[in-house]
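Please keep the sequence and the structure open while reading.

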Amino acid sequence: MRRKIVAGNWKMNGSTGLVEHLVGYVRSEVSCLDNGVEAVIIPPALYVRDVKSLAGDELSVGVQNVACWESGAYTGEVSAAMAKDCGCRYALVGHSERRQLFGETDAAVADKVAQLMSQGLNAIVCVGETLAEREAGQAEETVSAQVRKALAGVSGAEWQYVVVAYEPVWAIGTGKTATAGDAQAMHQAIRQVLKDLGAPADTMSLLYGGSVKADNAAALFAEPDIDGGLIGGASLVAQDFMSICQAMPAGTGR
Ligand code: PGA
């Protein structure tokens with residue numbers, strides 16, 4: 001059965017004050033939901049333990065990035081083992097900001113996935129095309145290649161730890177969202193690529209990200225291949241994040 005996930009990527013935003021304000025509120029509100037959604041808070045790494053200490057069993061916690069390596073002389077990096085040690089269940093890899101601003105390659109994304117698999121941590125693997133690629137009719141080709149390269153080394157039981165987030169680059173932080181239909185079409189294509197890789201694709205969760213808000217979440221989550229969302233800006237406002245969690249339809253998975 002697919003997990004229904006709403007994950008809040010705080011990016012380089014937040015403070016101890018936001019942690020105290022938001023986490024307690026979301027925790028108590030999520031415990032009242034009966035739609036089976038798993039809410040995940042992904043703060044900057046420095047705040048992971050603070051979030052974890054307030055999250056209880058109701059919320060999951062993640063990091064925004066992990067190193068390609070297990071441990072050692074890599075100043076400034078955080079390892080998958082450290083994320084696990086500090087109580088994380090999830091880690092983002094391959095976010096478009098990491099790819100564009102920090103030169104993260106498909107090969108590096110694959111190495112990070114391997115580190116996460118070795119720890120039994122869930123990788124939320126982010127993929128998405130630029131506006132130029134979409135306008136050139138290359139969106140599906142681009143995204144499929146990213147999925148294949150990121151997950152080439154995954155096998156067997158490791159697939160249970162893989163979540164794919166489709167985030168068109170032109171929709172991130174811009175207020176432009178893919179239509180529910182376009183997002184669904186890409187999710188369907190991603191599920192097919194996963195099948196081709198030998199993954200149990202029908203049981204895997206695929207998230208949509210890119211300007212998801214309270215007022216467009218329900219339409220996106222109603223699509224058959226969209227199992228949740230990766231939320232940036234709206235995850236910093238407690239009520240907005242909760243409204244998105246509430247937009248998940250009830251039911252027993254797909
Ligand atoms: P956004 O960001 O919701 O602010 O568009 C999404 C993301 O980058 O994960």
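Which backbone oxygen does the side chain of Ser 53 reach? The side chain of Ser 53 reaches the backbone oxygen of Asp 50, at 2.8 Å. The model is a predicted one.

**Helix H2**

Ser 53 is a residue of helix H2. With a relative accessible area of 56%, Ser 53 is exposed, because the cut-off for that class is over 50%.

Arg 49 counts as exposed, at 56% relative accessibility.

**Ligand site**

The ligand is surrounded by 13 residues. The closest of them are Lys 11, His 95, Glu 167, Gly 173 and Ser 211.

| Residue | Part of the residue | Distance to a ligand oxygen |
|---|---|---|
| Lys 11 | side chain | 2.7 Å |
| His 95 | side chain | 2.7 Å |
| Gly 233 | backbone | 2.8 Å |

On its own the ligand has 280 Å² of accessible area, and the protein covers 97% of this.

Lys 11 sits in the loop between S1 and H1. Phi of Lys 11 is near 50 degrees, which is a positive value in a residue other than glycine. Ser 211 belongs to the loop between strand S7 (206-209) and H9, and its phi, near 55 degrees, is likewise positive in a residue other than glycine. For comparison, most residues other than glycine have a negative phi. Ser 211 is buried, as its relative accessible area is 9%.

**Helix H10 and its surroundings**

Helix H10 covers residues 238-246, and its buried residues are Ala 238, Phe 241, Met 242, Ile 244 and Cys 245. Seen down the helix axis, these buried residues fall within an arc of 160 degrees, so they line one face of H10. Among the elements that cover them are strands S1 (4-9), S2 (37-42) and S8 (228-231), together with helices H1 (16-30) and H9 (217-221).

Asn 35 is found in the loop between H1 and S2. Which residues does Asn 35 touch, not counting residues up to four places away in sequence? With that exclusion, Asn 35 touches Lys 4, Cys 245, Gln 246, Met 248, Pro 249 and Ala 250. Cys 245, in this list, is one of the buried residues of H10. The side chain of Asn 35 also reaches the backbone nitrogen of Val 37, at 3.2 Å. Is Asn 35 buried or exposed? Asn 35 counts as buried, because its relative accessibility is 5% and the limit for that class is under 20%.

**Trp 69**

Trp 69 lies in the loop between strand S3 (59-63) and helix H3 (80-85). At 37% relative accessibility, Trp 69 counts as partly exposed. Leaving out residues up to four places away in sequence, Trp 69 touches Tyr 74, Glu 77, Ser 79 and Gln 115. The C-alpha atoms of Trp 69 and Lys 112 are separated by 7.6 Å, although the two residues are 43 apart along the chain.

**The whole protein**

The protein contains 10 helices and eight strands. Its radius of gyration is 17 Å, close to the 18 Å that the globule rule gives for 254 residues, so the protein is as compact as a globular protein of that length. The C-alpha trace spans about 45 × 45 × 35 Å along its principal axes.

How much of the protein counts as buried? Of its 254 residues, 51% do. The accessible surface comes to about 10800 Å², and carbon and sulfur atoms hold 50% of that. Among contacts with a separation of 6 or more, residues 24 or more positions apart account for 74%.

Methods:
Residues are numbered from 1 along each chain as its sequence is written. This is a predicted model: local features need pLDDT of at least 70, side-chain atom pairs count only at pLDDT 80 or more; totals for chains, interfaces and linings use all residues. Side-chain values use heavy atoms; hydrogens and water are left out. Helices (H or I, at least four residues) and strands (E, at least two) are DSSP runs, numbered from the N terminus. Buried means under 20% relative accessible area, exposed over 50%, partly exposed in between (1.4 Å probe, protein chains only). Contact means heavy atoms within 4.5 Å. The arc is that of the directions from the helix axis to the C-beta atoms. A residue is near a molecule or strand if one of its heavy atoms lies within 4 Å of it. A polar contact is a pair of N or O atoms within 3.5 Å; within protein, one must be able to donate a hydrogen and the other to accept it, and residues adjacent in sequence count only if both atoms are side-chain atoms. Accessible areas come from the Shrake-Rupley method with a 1.4 Å probe; for residues, only the protein chains shown count as cover. The radius of gyration is taken over C-alpha atoms; the globule rule is 2.2 Å times the number of residues to the power 0.38.
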